[in-house]
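Trainee: I would like to go through the terms used for this model and see what stands behind each of them.
Mentor: Take the structure, then ask term by term.

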Amino acid sequence: MAAIDLRKCLNAISDVITNRPMPLREFDQIYMKAADMLLQVDHVSKKVSNRSCVFVGDGDAIGLCLVHLHSLQLIDDGPSEVLVLDFDERIVNGINTFASNFGISKNIRAELYNVSDPVPEKYWETFNGFYTNPPFGASNKGKSIEVFLRRANELICPGAIGCLVLADHPQYQWTQEVLAVTQSFLINNHFIISEMVPEFHHYHLDDAPDLTSCSIIVKKSFTPNSPYTSLPLSVEELQDFYGEQIPLRVQYVKDKTGGKYPSKDYELIPIKYKSK
Amino acid sequence: MNNITNQDAFIFMKVGDHAGETFDQILERKRKELNSAGKIFWGYGGRSCHPIQQVQPFVQLQLKRHNNIYLLMQSVHSTADPDIEPATEYSKDGINWERIPDGIEVIGSRYALVLGDIEPGDLELSLENFEVGIGPSRGKAASKYIQGRIDKACLVVSENFHASDSVQIPISFKAPLLEPYAVLLR
């Protein structure tokens, strides 16, 4: 990592972390640890410098970190713009509210989108950078990763750079099998794997605390643009989306607070004043 | 005691006192639930054995090879004492929520296994012969997985199963899982 102000960078990452909603394990929302987020941001920022980037899901809020740290001039490089597509309205609202509060709405915005749906036609082959950290596909042979990659592929133009964050730990055999399948998928879809940082990130994951993920950088070859052909996922693709016998049933996670109402997780108990 | 070689897929859980009740009091209350509601909601929490991501798919897959999947309980000393109101609703998918059936009370838990009759276990097993059957730790030895804060797991017999001389864990109680096997609570 080039010289950075560690305290300022970590405090900026902390701004983002405190803005994120509680992760929902139902959907494999498992957050990366803070120091690894900073390392990842520093790593990716150079790859996506001045690129228009789409994030296909971004529970970790790496997109927000990239833009936030770059706008604070804590890192030298950053994307020209970021669009985050996520099916969790809490994440979408969190990003847009944060961007508004910090005056970076011109650089980052988020929209509600579920990968089971066709990509919006207005975004077809539009971006020259992408980022995705999909469900790790522990028991579906990487099918969930293929879905997210397929959507990313529909959103980017020829020559785009992308970053994938995938499970990678030598003691978890399934991670190596899924990596092999994903690399084949990438090559078959005209991507060149240009870089991989193995076992790079750690997670807040109680039942697999030593599980790590890698960062893979890919480049889309200069294939010709194609007409819009995005299709919804089939019933079969939905069936094992999160793993064998774990279907995707949910279209969106609805944010019932909109960021404007008190949480329903707690109740205030008033002091009972006693007269002497 | 019987060795548990005839159970090659099950859910393992350490159990004990909880939310101000002794384990015996919990058992007595749960048996009354079975009489009145025809099933037991066995509350639990933590990050392992998520109902939708792990328990339901694990049981569904294992029922292709077995007639029943059991919860095997190891009694341990526990001081868990969460001060939380009883759950009023449950859901098997996180989308559709129903009222907790009459006669069932689940206290201080985010999730519940759905069980039939809880019987004395009179069994013992060696965790070294089993491994995690689902989730990110799939394939990890149960003896290494069930440590620290991890006190429950969906387990399958290891390919390297052998009747070992290693530490045998007494299984105090066991109960069959009933549809939908595990639910979310609120």
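Trainee: Which residues does A:P232 touch, not counting residues up to four places away in sequence?
Mentor: A:P232 touches A:S116, A:D117, A:P118 and A:R151, where contact means heavy atoms within 4.5 Å. The model is predicted: local features need pLDDT of at least 70, side-chain atom pairs count only at pLDDT 80 or more, and totals for chains, interfaces and linings use all residues. Residues are numbered from 1 along each chain as written, chains are lettered from A and ligands numbered from 1 in the order written, and side-chain values use heavy atoms, without hydrogens and water.

Trainee: Where is A:P232 placed?
Mentor: A:P232 is in the loop between β7 and α7 (235–239) of chain A. Helices (H or I, at least four residues) and strands (E, at least two) are DSSP runs, numbered from the N terminus.

Trainee: What makes β3 and β6 of chain A edge strands?
Mentor: The open sheet has 7 strands in the order β3-β2-β1-β4-β5-β7-β6 (chain A), with mixed pairing. β3 (108–112) and β6 (191–202) of chain A each pair on one side only.

Trainee: Why are β1 and β2 of chain A called paired?
Mentor: Two strands pair if DSSP finds at least two bridges between them. Strand β1 (residues 52–56) and strand β2 (residues 81–86) of chain A are joined by 5 bridges, so they count as paired, and they run parallel. A:S52 stands opposite A:E81 in β2(A).

Trainee: What does helix α2 of chain A touch on the sheet?
Mentor: Helix α2 (residues 34–47) of chain A touches β4 (127–132), β5 (156–167), β6 and β7 (212–220) of chain A. Its direction makes about 165° with that of β6(A); axes are lines fitted to C-alpha atoms, for helices over the stretch in contact, and angles run from 0 to 180 degrees between N-to-C directions.

Trainee: How many cavities are there by this rule?
Mentor: The count comes to 3 cavities of 30 Å³ or more. A cavity is a set of points on a 1 Å grid over the protein atoms alone where a 1.4 Å probe fits but cannot get out, and lining residues have an atom within 4 Å of a point.

Trainee: Which element gives the most to the lining of the second largest cavity?
Mentor: α4(A) does, with 4 residues.

Key: On a 1 Å grid over the protein atoms alone, a cavity is a set of points where a 1.4 Å probe fits but cannot get out, and a pocket is an open set with protein on both sides within 12 Å along at least five of seven lines; lining residues have an atom within 4 Å of a point. Grid points are joined across faces, edges and corners, and a volume is the space filled by probe spheres set on the points.
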